[in-house]
Structure formats: C-alpha cells, structure tokens
Amino acid sequence: MSFEIHAKGGVHTYDSFECAIQGMAPTCENCGVRIVGHGVDAGGHWYCCAHCARRQGVSAIVDHVGAATY
Ligand SMILES: [Zn+2]
C-alpha cells in the first residue's frame, strides 16, 4: 500500500497520507498546524490562512470566504 511522492528535492515513499503530511507539509509560522491545503506564501513565509498571515504582519492577504460557489 506504499506510494511515492515526486517533489522538488527527490522522491519520497510513504505508507499513509498521514505520514506524508507529517514528512512533507510545511508548518504555519503563526499557529503551527501542518498546511495541507493551498496555504499562504508571503515572501517565503508560510501560513495556513490569511488570518495567520495578518497576525504576523502580512497585510496584503485576504480570505475569499463567500466567493465559493458550492
Ligand atoms: Zn495558522
């Protein structure tokens, strides 16, 4: 049941998505959660959402809550 993830820096082999997330997902620099969605890249700093980015002084980021059509 193992699988490979080909990413910049090499090929990683895992036997669960949980292990892959733990091994590869970046960590929000504000709240510390693993970023498993798109996240926010603010000049090389990673945040899980616009709220966390703003808490760290990034002012140009806004969430698109309400824009979803589902
Ligand atoms: Zn966060």
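Start at the zinc ion. Select Cys 28, Cys 31, Cys 48 and Cys 52: their SG atoms are the protein donors of the zinc ion, at 2.3 to 2.4 Å from it. Donors are N, O and S atoms within 2.8 Å of the metal (3.2 Å for Na, K and Ca); water is not among the atoms, so sites may look incomplete.

Before moving on, note that this is a predicted model: local features need pLDDT of at least 70, side-chain atom pairs count only at pLDDT 80 or more, and totals for chains, interfaces and linings use all residues. Residues are numbered from 1 along each chain as its sequence is written, and side-chain values use heavy atoms, with hydrogens and water left out.

Stay at the zinc ion. What is the geometry of the site? The site is tetrahedral, with angles of 106 to 116° among the four donor atoms. Along the sequence, the donor residues follow the spacing C-x2-C-x16-C-x3-C.

Now show the surface. Is Cys 28 buried or exposed? Cys 28 counts as buried because its relative accessibility is 4%. Cys 31 has 40%, so Cys 31 is partly exposed. Buried means under 20% relative accessible area, exposed over 50%, and partly exposed in between (1.4 Å probe, protein chains only).

Next, the aromatic rings. The structure holds two aromatic pairs. Select Phe 3 and Tyr 14: this pair is tilted, 6.5 Å centre to centre, with 45° between the planes. Rings of Phe, Tyr and Trp (its six-membered ring) pair if their centres lie within 6.5 Å; planes under 30 degrees apart count as stacked, over 60 as edge-to-face and the rest as tilted. Phe 3 sits in strand β1 (residues 3–7) and Tyr 14 in strand β2 (residues 10–14), 11 residues apart. Helices (H or I, at least four residues) and strands (E, at least two) are DSSP runs, numbered from the N terminus. Tyr 14 is buried, because its relative accessible area is 14%.

Phe 3 and Phe 17 form a tilted pair, 5.1 Å centre to centre and 40° between the planes. This pair links strand β1 to helix α1, 14 residues apart. Ring pairs join Phe 3, Tyr 14 and Phe 17 into a cluster.

Keep Phe 17 selected. At 64% relative accessibility, Phe 17 counts as exposed. Last, select Val 36, in the loop between α1 (17–24) and β3 (40–42). Val 36 is exposed too, because its relative accessibility is 59%.

Terms used
Four donors count as tetrahedral if all angles lie between 85 and 135 degrees; four count as square planar and six as octahedral if opposite donors are over 155 degrees apart and all others between 65 and 115; anything else is irregular.
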